[in-house]
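Welcome! Take a look at the sequence and the model below, and then read on.

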Amino acid sequence: MKVAILGGGVIGGGWAARFLLNGHDVAVYDPAPEAERKLGEILDNARASLPAVYDRPLPPEGALRFASSLAEAVAGADWVQESAPERLEVKQALYKEIEPHLGAETVLASSTSGYRPSQLQELLKRPDRLIVAHPFNPVYLVPLVEVVGSDATPEALKTRAAEVLRGIGMHPLVMGCEIDGFIGNRLQEAVWRETLWMVKEGVATTQEVDEAILYGFGLRWAQMGQFDTYRLAGGEAGMRHFLAQFGPSLKEPLTRLMDVPELHEGLVERLAAQSDAQSGHLSIRQMERARDANLVALIRALKQRNAGAGRAVKAQEAGLAIPQTADLPVTAKRVIPPSWTDANGHMNEAHYIEVASNAADALTESCGVTAEYVAGGNSHFTAETHVRFLAELHEGDGITVQTQVLHGSGKKTHLFHRILGPEGLSATVEMMILHVDLATRRVSDPLPHVADALKALECAHSHLPRPDGAGAAIRDLTMT
């Protein structure tokens with residue numbers, strides 16, 4: 001799919017990164033003098049973080065080019081993502097220039113954070129082609145995108161747009177009707193108004209407000225939304241009890257949401273000074289990298305539980321293929337996330353076992369050890385592992401695992417994983433796996449189709465030399 005990004009700032013650049021890293025060719029138009037530099041830095045952040053969320057490789061990166069005009073950018077594009085400044089006259093001029101060059105089936109999506117799609121559609125000769133696809137920063141990591149149409153928007157367009165967005169790992173929230181600011185920004189606006197009032201009145205500082213979110217309800221919101229959180233607060237009686245107990249407090253003047261403070265010079269200076277004291281010792285790029293590393297760790301944790309933002313990643317990952325080599329199957333290909341490194345700055349030893357375990361699962365699943373197989377009462381347990389660390393691996397390094405089946409007959413399977421990093425062979429992990437009857441928890445023969453597949457791999461690998469280090473153990477240094 002060919003994608004055009006109109007505006008390469010924080011949001012447009014994030015869109016470009018999201019599409020590129022999911023294998024789509026992208027043309028960017030941004031007349032700003034430093035647009036290429038800024039987009040390059042956004043891409044550097046994305047390349048270091050988005051692949052680290054996955055345990056399978058993303059598709060080969062698409063081709064990026066900078067267009068010299070709007071017409072050149074949108075020519076032949078299947079999807080046009082407009083991320084121009086939030087001014088109707090700017091968007092109107094942009095739409096007027098690009099519309100003659102759009103294909104009949106081209107989707108025009110606006111990143112607007114507040115305009116209703118009906119307002120934007122009035123600026124077009126063919127209003128039925130435009131939808132709102134409102135993302136959240138950083139677009140390349142945060143999966144939510146609000147898909148909004150008007151009464152004039154064909155349902156088929158929203159459905160098609162949602163499919164495209166799911167294909168790049170996003171969670172499209174398709175709204176049933178339009179409203180200013182949509183859902184996410186209206187919620188953020190409510191919190192923002194209250195925080196501004198508290199800082200204005202001297203009730204709290206910017207740091208105290210942020211700490212209240214960081215160490216409190218922000219943790220809950222990352223994996224369970226507002227309504228489910230309050231349902232739990234109601235105990236076993238659920239939401240009805242919560243509303244009966246806490247509903248009356250809504251009549252109390254606990255918040256000042258409609259008392260919007262004027263952003264006069266004094267308040268602006270107070271906000272800026274407190275913000276500088278809070279985080280001024282860090283550059284924006286340092287803060288972005290820290291944010292991305294934390295998001296990667298959080299999304300990966302949620303992915304394991306199939307919850308929140310992790311659910312979108314897990315759904316996309318299920319369809320990602322692992323490329324293969326001629327001699328040995330590639331059983332894993334991934335990027336090392338920030339959470340896998342230790343005080344020495346390299347990958348912690350525990351994660352070598354995790355990589356090998358994932359590789360073994362990928363191989364045995366290809367041989368028939370599926371979720372249905374396990375649900376039927378059959379599985380396998382790892383009985384023994386041996387790891388050799390041959391070269392350091394660091395955050396952001398890409399690694400590939402090739403697996404050789406040394407023995408694949410009967411009740412035992414003997415695997416030898418080679419973990420390849422930027423410097424070549426970086427580690428080996430040898431594993432002995434036992435096939436198990438889950439009802440008796442005893443070793444048993446695998447079902448015939450699994451046994452046949454493993455035996456076929458053993459035969460296919462039998463011409464290869466026995467790997468260096470296979471069958472080795474830690475030397476007893478007291479004997480030398």
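What percentage of the 480 residues in the protein chain is made up of buried residues? The share is 43%. Please keep in mind that this is a predicted model.

**The chain as a whole**

- The secondary structure of the protein chain consists of 16 helices and 14 strands.
- Take the contacts between residues at least 6 apart in sequence: 70% of them join residues that are at least 24 apart.

**Helix H1 against helix H2**

- Two packed helices are described by the angle between their axes and by the distance between those axes.
- For helix H1 (residues 10-21) and helix H2 (residues 35-53), the angle is about 45 degrees and the axes are 9 Å apart.
- H1 and H2 are therefore oblique to each other, and their crossing is right-handed.
- On the H1 side, the residues that meet H2 are Val10, Gly13, Gly14, Ala16, Ala17, Arg18, Leu20 and Leu21.
- On the H2 side, the residues that meet H1 are Leu39, Ile42, Leu43, Ala46, Arg47, Leu50 and Pro51.
- Sorted by class, this contact of H1 with H2 has eleven nonpolar, two polar and two charged residues.

**Helix H2 against helix H12**

- H2 also has helix H12 (residues 284-304) as a partner: their axes come within 9 Å and cross at roughly 20 degrees.
- H2 and H12 are therefore roughly parallel to each other, and H2 passes H12 in a right-handed crossing.
- From H2, the residues taking part are Glu41, Asn45, Ser49, Ala52 and Val53.
- From H12, they are Arg285, Glu288, Arg289, Asp292, Val296, Ile299, Arg300 and Lys303.
- By class, the contact of H2 with H12 has four nonpolar, two polar and seven charged residues.

**Aromatic rings**

- The count of aromatic pairs comes to five.
- One of them joins Phe19 and Trp79 in a tilted arrangement, with 6.2 Å from centre to centre and 50 degrees between the planes.
- Phe19 lies in helix H1 and Trp79 in strand S4 (residues 79-82), so this pair ties together parts that are 60 residues apart in sequence.
- Both Phe19 and Trp79 are buried.
- Together with Trp15, Phe19 and Trp79 form one aromatic cluster.

**A look at Val74**

- Val74 lies in helix H3 (residues 70-74) and is buried, with a relative accessible area of 0%.
- Leaving aside neighbours within four places in sequence, Val74 is in contact with Ala4, Leu6, Val80, Ile98, His101 and Leu102.
- The C-alpha atoms of Val74 and Pro100 are separated by 10.0 Å, and these two residues are 26 residues apart along the chain.

**A look at Val436**

- Val436 has its place in strand S13 (residues 424-437), and it counts as buried at 4% relative accessibility.
- Leaving aside neighbours within four places in sequence, the residues in contact with Val436 include Gly377, Asn378, Ser379, His380 and Phe381.
- Also in contact with Val436 are Arg441, Arg442, Val443 and Ser444.
- Val436 and Pro446 are ten residues apart in sequence, and their C-alpha atoms are 7.6 Å apart in space.

How values were computed:
Residues numbered from 1 in each chain as written. Predicted model: local features only at pLDDT ≥ 70, side-chain atom pairs only at ≥ 80, totals over all residues. Heavy atoms only, no water. Axes fitted to C-alpha atoms, helices over the stretch in contact; angles between N-to-C directions. Helix = DSSP H or I, 4+ residues; strand = E, 2+ residues; numbered from the N terminus. Parallel < 35°, antiparallel > 145°, perpendicular 65-115°, else oblique. Left-handed = near helix turned anticlockwise from the far one by under 90°. Contact = heavy atoms within 4.5 Å. Nonpolar A, V, L, I, M, F, W, Y, C, P; charged D, E, K, R; others polar. Phe/Tyr/Trp six-rings, centres within 6.5 Å; stacked < 30°, edge-to-face > 60°. Buried < 20%, exposed > 50% of the residue type's maximum accessible area, 1.4 Å probe, protein only.
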